[in-house]
Amino acid sequence: MPVAAAWLGRLKMEPTLPLPAGTTLLITGARILLPDADWHDPPVADIAIGGDSILAVAPRFAPAEGPPPETLDARGLLVLPGFVNAHYHSHDVLAKGTLEEVPLEQWRLYALPAQYPPRSREEVRARTLLGALECLRSGMTTVQDMLTLYPFDPAHLDTVIEAYESLGIRVVFALQYGDRKGLDTVPFWKEVFPPEFHGQLSSAAEPERNFDLLGHFETTCLKAPPRPRLHWALGPSAPERCTPPLMARTMDLARRYGIPVFSHLYESKGMALQARHELAQYGGSIIRRLHAEGALGPEMNFAHSVWLAPDEVALLAETGAGVVLNLQGNLKMKCGIPPIREMMRAGVRIALGCDNCSCSDAQNMFVAMKLFSLLATVSDVMKGPPPAIPALKAATEGGAAAMGLGQLVGRIAPGFKADLTFVDLADPSFVPLNSAARQLVNIEAGRAVRHVMVDGRFVLRDRRVTTVDEAAVFAEVAEVMPGFRQDFAAITARIARLQPWLDKAQHMMDTAEIDIDRLPRLR
């Protein structure tokens with residue numbers, strides 16, 4: 001019998017347990033999404049927390065001898081594992097709400113740091129805090145920030161880490177990097193654009209000049225003493241933007257240090273088309289290229305994965321590599337719908353992300369789960385398993401597994417970190433309570449999030465952030481916005497001059513023949 005099932009059986013047979021020694025906080029009377037319990041009708045139970053971890057769960061605990069621990073009466077609340085945002089970029093938080101109807105390859109020119117002048121430490125701090133606050137308020141306790149700092153400034157990296165630590169959210173941090181110019185990785189750009197414009201074209205990560213970013217990251221981060229709530233990952237931007245030697249170095253570091261890898265894969269038709277053009281020796285497949293290079297394995301996570309072919313899905317399942325779906329941005333930028341049901345049937349590990357603030361806009365896991373549920377249903381005409389519980393698991397356990405934290409977060413069970421989200425069941429979203437799982441996924445949008453706990457500490461209590469002054473953060477954002485808007489306006493004007501060639505290249509990508517289709521079309 002699995003450990004979780006055995007533990008749940010013990011919980012049912014022993015309705016009252018002694019309060020564990022070392023309990024510092026007792027949460028009583030809540031409905032709880034326990035492993036292997038009925039998530040449509042979660043049981044009522046108590047949670048004993050000691051410091052930063054869950055000590056025990058029981059229908060109730062007998063009073064302890066001596067001074068009682070702090071107690072939270074959680075009747076009327078639903079407690080779930082904190083959401084895990086497994087793909088996010090804090091570098092463009094200030095650009096939320098700026099763009100519509102911009103295809104992916106053109107969007108990168110508006111949103112990615114290579115197009116901007118160097119940023120100030122004040123802006124880096126403000127945007128990091130603002131994005132993390134939005135994540136926190138929608139019930140996320142862990143974020144994977146795949147951050148582009150270009151040109152790289154060590155002081156900016158320090159500022160980002162300090163901001164996350166001050167807020168108290170858990171972060172799995174990776175610098176995004178590549179060693180091929182964006183111009184060389186987008187179909188038709190080189191042949192369409194006059195040479196005088198080539199220097200104005202870039203992608204998600206441009207090569208650093210005369211600086212070993214990966215070596216610096218290993219020395220200053222991977223070899224540094226551990227810090228609470230801070231975990232490391234590696235961020236090769238996308239396989240087509242990383243040469244085989246760079247990918248080999250990435251996988252060597254990941255396996256030596258036991259950390260995950262996050263990369264972009266097949267987000268758009270253009271990215272799939274680039275593979276068909278460049279990788280004839282691998283049948284036009286990035287996945288087969290990476291498999292031949294030994295770069296597939298459980299530590300690897302591919303964000304987006306929209307344009308995967310069936311044989312590539314099978315290869316991901318075979319090697320244990322996972323995907324992180326970012327469905328809102330994929331729809332907004334007309335990238336397409338990934339083969340969600342096909343991945344589920346194959347047993348591919350699935351996590352959910354909310355991506356950039358200027359493409360997905362919302363750092364909201366409820367939105368991500370709802371889109372997962374709806375697109376899994378509509379993208380496959382064959383009836384499949386109900387998607388609400390898989391959506392919840394992708395937003396919790398799936399994200400934790402992707403980050404290498406599957407034994408640490410993502411579940412409410414003894415020994416796991418006390419990273420918890422509390423939802424108010426008195427909210428109209430849950431009245432009447434017919435199915436907690438379906439109502440979390442299909443109705444709730446974040447309004448009912450009451451408390452959020454990370455490492456046993458309330459970072460959101462009664463809908464108020466406890467760790468930083470939100471008003472002060474908003475004031476910091478207001479201070480840097482005039483400069484950001486000025487730079488954004490200059491970028492917009494530059495792109496307007498490039499638009500005829502951008503449109504021509506985009507039309508060539510859109511009309512090119514390819515062996516699969518992930519774009520919904522009217523028949």
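Residues are classed as buried when their relative accessible area is under 20%, as exposed when it is over 50%, and as partly exposed in between, with a 1.4 Å probe and protein chains only. Helices (H or I, at least four residues) and strands (E, at least two) are DSSP runs numbered from the N terminus. The structure is a predicted model, in which local features need pLDDT of at least 70 and side-chain atom pairs count only at pLDDT 80 or more, while totals for chains, interfaces and linings use all residues. Residues are numbered from 1 along each chain as its sequence is written, and side-chain values use heavy atoms, with hydrogens and water left out.

Helix H13 (residues 365–378) contains 14 residues and reaches 20 Å from its first C-alpha to its last, close to the 20 Å expected at 1.5 Å a residue; the expected span of a helix is 1.5 Å times one less than its number of residues. The buried residues of H13 include Met-365, Phe-366, Ala-368, Met-369, Leu-371 and Phe-372, together with Ser-373, Leu-375 and Ala-376. An α-helix has 3.6 residues a turn, so residues three or four places apart point the same way. At the start of H13, a side-chain oxygen of Asn-364 comes to within 2.9 Å of the backbone nitrogen of Phe-366. A polar contact is a pair of N or O atoms within 3.5 Å; within protein, one must be able to donate a hydrogen and the other to accept it, and residues adjacent in sequence count only if both atoms are side-chain atoms.

Helix H4 (residues 154–167) also has 14 residues, which should span 20 Å at 1.5 Å a residue; its end C-alpha atoms are 21 Å apart, in agreement with that value. Among the buried residues of H4 are Ala-155, His-156, Leu-157, Thr-159 and Val-160, as well as Ile-161, Ala-163, Tyr-164 and Leu-167. The N-terminal end of H4 is capped by Asp-153, a side-chain oxygen of which lies 2.9 Å from the backbone nitrogen of Ala-155. After H4 comes Gly-168, with a positive phi near 95 degrees.

Several loops carry backbone features of note. Most residues other than glycine have a negative phi, and most peptide bonds are trans. A cis peptide bond, with omega about -10 degrees, joins Tyr-150 and Pro-151, and Pro-151 belongs to the loop between strand E9 (140–147) and H4. Val-431 and Pro-432 are likewise joined by a cis peptide bond, with omega about -5 degrees; Pro-432 is in the loop between E17 and helix H15 (436–442). Asp-36, although not a glycine, has a positive phi of about 70 degrees, and its place is in the loop between strand E2 (25–32) and strand E3 (44–50). Asn-210, also a residue other than glycine, has a positive phi near 55 degrees. Asn-210 lies in the loop between helix H5 (189–192) and helix H6 (213–222) and is exposed, at 84% relative accessibility.

Gly-404, in the loop between helix H14 (388–402) and strand E17 (420–424), is exposed at 59% relative accessibility. Glu-100, in the loop between strand E8 (83–88) and H2, is exposed with a relative accessible area of 67%. From Glu-100 to Asp-252 the C-alpha distance is 39 Å, for 152 residues in sequence.

A disulfide is a pair of cysteine sulfur atoms within 2.5 Å, and by this rule the count is zero. The sulfur of Cys-335 is 8.3 Å from the closest cysteine sulfur, in Cys-359, which is too far for a bond. Cys-357 is in no disulfide either, the nearest cysteine sulfur being that of Cys-135, 7.2 Å away. Cys-335 is buried, with a relative accessible area of 2%, and Cys-357 is buried at 0%.
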